[in-house]
Amino acid sequence: MRVIDADGTQLGIMPTKQALEVSLEKNLDLVKIAPTATPPVCRIMDYGKYRFEQAKREKEARKNQHVVEIKEIRLSLNIDVHDFNTKLGHAKRFLKEGNKVKVSIRFRGREMGHPEIGLNTMKRFAEALGEEANVEKQPKLEGRHMIMFLAAKPQK
């Protein structure tokens, strides 16, 4: 097997027993890096220290990533101007935080006969967020709910 020392220098090709003896002399571990290669490649290293540093790097990577959540905003069919603007402000805040926004309208009773009013409200909402958001999924009527998804525009 091909053996690489702890500092990265190649010790050459040697039998497994000899490689184990060399690693024991240095009080380190013999770790198989590429078992499918011919000959197999092994490295002499402190495996415990390697695992610790790898876990530390993974923890740091997890800390820096942001999980995108879907925040829901419910509109009504005959929403007033102030309520509309309030919901708009919430949506802008959610998008600024990097989350996606699910906008929904629930049709009750006779409102089911006028889905075009809900569609107009949804389009008005999307146009008001035109600078901050892209429509990810167009408004669609699913049962008694009309749903639309918005995502923040990529930063330039």
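Helices (H or I, at least four residues) and strands (E, at least two) are taken as DSSP runs and numbered from the N terminus, and helix axes are lines fitted to C-alpha atoms over the stretch in contact, with angles running from 0 to 180 degrees between N-to-C directions. The structure is a predicted model, in which local features need pLDDT of at least 70 and side-chain atom pairs count only at pLDDT 80 or more, while totals for chains, interfaces and linings use all residues. Residues are numbered from 1 along each chain as its sequence is written, and side-chain values use heavy atoms, with hydrogens and water left out.

Two packed helices are described by the angle between their axes and the distance between the axes. Helix α3, spanning residues 81-96, packs against helix α4, spanning residues 115-128, at an angle of about 50°, and the two axes are 11 Å apart. That angle makes α3 oblique to α4, given that angles under 35 degrees count as roughly parallel, over 145 as roughly antiparallel, 65 to 115 as roughly perpendicular and the rest as oblique. The crossing of α3 and α4 is right-handed, the near helix being turned clockwise from the far one by less than a right angle. On the α3 side the contact (heavy atoms within 4.5 Å) is made by F84, K87, L88, A91 and K92, and on the α4 side by T121, R124, F125 and A128.

In strand β6, which covers residues 100-106, lies S104, a residue that is buried at a relative accessible area of 5% (buried means under 20%, exposed over 50% and partly exposed in between, with a 1.4 Å probe and protein chains only). When residues up to four places away in sequence are not counted, S104 touches E72, I73, R74, L75, M122, M146 and I147. With E72, the side chain of S104 also forms a polar contact of 2.9 Å, that is, a pair of N or O atoms within 3.5 Å of which, within protein, one must be able to donate a hydrogen and the other to accept it, residues adjacent in sequence counting only if both atoms are side-chain atoms.

Two loops carry backbone features. In the loop between α1 (16-25) and β3 lies N27, which has a positive phi of about 60° although it is not a glycine, and N27 is exposed, with a relative accessible area of 71%. The loop between β3 (29-34) and β4 (41-45) holds P39, and the peptide bond from T38 to P39 is cis, with omega near -10°.
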